[in-house]
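Try each one on the coordinates before you read its solution.

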Amino acid sequence: ETIEGLPPNLLNPPTGCRFAPRCPHRAAVCDTDPVPVEQDGRYVACHRAEEIAHQATAPIPPAAPGLSP
């Protein structure tokens, strides 16, 4: 999946995460703080990597009675 928008200006990169201006998971911390590069022994470049990964692996709740998925 690609990220919408244009890549950051490499001569004048944004403060914080370089993907923040076009990221759908953007949080306030992404605009100001440097991005961690390693988290739990894995190389990631996202303040919310653990949270996003957890959401992707969380079980899907069953549909309400009478509704089809």
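A salt bridge here is a side-chain nitrogen of Lys or Arg within 4 Å of a carboxyl oxygen of Asp or Glu. We're working on a predicted model, where local features need pLDDT of at least 70, side-chain atom pairs count only at pLDDT 80 or more, and totals for chains, interfaces and linings use all residues. Residues are numbered from 1 along each chain as its sequence is written, and side-chain values use heavy atoms, with hydrogens and water left out.

**Exercise 1.** Find the salt bridges and work out how covered their partners are.

*Solution.* Start with the count: there are 2 salt bridges in the structure. One pairs Asp31 with Arg26, with 2.8 Å between the closest N and O atoms. The other pairs Glu51 with Arg48, and there the closest N and O atoms sit 2.6 Å apart.

Next, sort the partners by relative accessible area: buried means under 20%, exposed over 50%, partly exposed in between (1.4 Å probe, protein chains only). Asp31 comes out at 31%, so it is partly exposed. Arg26 has 42% and is partly exposed too. In the other pair, Glu51 is partly exposed at 38%, whereas Arg48, at 19%, counts as buried.

**Exercise 2.** Arg22 is buried. Which side chain of opposite charge is nearest to Arg22, and what does Arg22 touch?

*Solution.* Helices (H or I, at least four residues) and strands (E, at least two) are DSSP runs, numbered from the N terminus.

Then look for a partner, taking Lys and Arg as positive and Asp and Glu as negative, with His and the chain ends not counted.

Now list the contacts (heavy atoms within 4.5 Å). Leaving out residues up to four places away in sequence, Arg22 touches Ile3, Glu4, Gly5, Leu6, Pro7 and Pro8. Ile3 is 19 residues from Arg22 along the chain, yet their C-alpha atoms are 6.8 Å apart. Finally, check the backbone: the Arg22 side chain reaches the backbone oxygen of Gly5 at 3.4 Å.

**Exercise 3.** Describe the chain as a whole.

*Solution.* Begin with the secondary structure: 2 helices and 2 strands, in the order α-β-β-α from the N terminus. Then the burial: 13% of the 69 residues count as buried. Last, the contacts: of those between residues at least 6 apart in sequence, 2% join residues at least 24 apart.

Notes
Polar contact = N/O pair within 3.5 Å; in protein donor to acceptor, adjacent residues only side chain to side chain.
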